[in-house]
Amino acid sequence: MEPQDKDLTMPDTDPTKPSATTDLKEDDVADEPPVEKSDDDSKTYRELALENGMNYTVTDVPPLGTSMLLGLQHYLTMLGATVLIPLLVCPEMGASGDQTAEVISSIFFVSGINTLLQTTIGDRYVQ
């Protein structure tokens, strides 16, 4: 079987456009169209978020009833991730009941540390 000869010539390129193989200099880059300033530049993060349909931002505190409902939702979500998954996976890996309890305890401990970090330094970048 003979190797096939392929045409290895480069297609014609426009010499005025920079190619991927040439080193581009700062002057060679095409100018981007000017960005128009809008009234949004003077608005705060909270104002922009509320305009875009968010009910609460990171630093807002919802009413007590909403907080309780959202807390229950968070509890049920975390229950599935922290308790049910180890209860299903650990026995299949050959873990005893005590070992499964240790895994769940470790997950709760790490979740608590994560919550502590998020509530103390987690939102410091929000303006």
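How are H2 and H3 oriented to each other, roughly parallel or roughly antiparallel? Keep that one in mind while we walk through the model, which is a predicted one.

Start with the overall layout. The protein has three helices and zero strands, so along the sequence the pattern simply reads α-α-α. There are 127 residues in the protein, and 8% of them count as buried. If you take the contacts between residues at least 6 apart in sequence, 31% of them join residues at least 24 apart.

Now back to the opening question. H2 covers residues 64-92, and H3 runs over residues 97-120. The two helices pack at an angle of about 155°, and their axes sit 9 Å apart. Angles over 145 degrees count as roughly antiparallel, and H2 and H3 are therefore roughly antiparallel to each other. As for handedness, the crossing of H2 and H3 is right-handed. On the H2 side, the contact is made by Met78, Thr82, Val83, Pro86, Leu87, Cys90 and Pro91. H3 answers with Thr100, Val103, Ile104, Ile107, Phe108 and Ser111.

Gly97 is worth a stop here. This glycine lies in H3, and it counts as exposed, with 57% relative accessibility. Leu87, one of the H2 residues in the contact with H3, is ten residues away from Gly97 in sequence, and the two are 9.0 Å apart in space, C-alpha to C-alpha.

In one of them, the side chains of Lys43 and Glu51 meet at 2.6 Å, N to O. Lys43 is partly exposed, with a relative accessible area of 28%, and Glu51 is also partly exposed, at 49%.

The other salt bridge brings together the side chains of Arg46 and Asp60, at 3.2 Å, N to O. This pair links distant parts of the chain, 14 residues apart: Arg46 is in H1 (residues 45-51), while Asp60 is in the loop between H1 and H2. Arg46 counts as partly exposed too, at 40% relative accessibility.

Notes: Residues are numbered from 1 along each chain as its sequence is written. This is a predicted model: local features need pLDDT of at least 70, side-chain atom pairs count only at pLDDT 80 or more; totals for chains, interfaces and linings use all residues. Side-chain values use heavy atoms; hydrogens and water are left out. A salt bridge is a side-chain nitrogen of Lys or Arg within 4 Å of a carboxyl oxygen of Asp or Glu. Buried means under 20% relative accessible area, exposed over 50%, partly exposed in between (1.4 Å probe, protein chains only). Helices (H or I, at least four residues) and strands (E, at least two) are DSSP runs, numbered from the N terminus. Axes are lines fitted to C-alpha atoms, for helices over the stretch in contact, and angles run from 0 to 180 degrees between N-to-C directions. Angles under 35 degrees count as roughly parallel, over 145 as roughly antiparallel, 65 to 115 as roughly perpendicular and the rest as oblique. A crossing is left-handed if the near helix is turned anticlockwise from the far one by less than a right angle, and right-handed if clockwise. Contact means heavy atoms within 4.5 Å.
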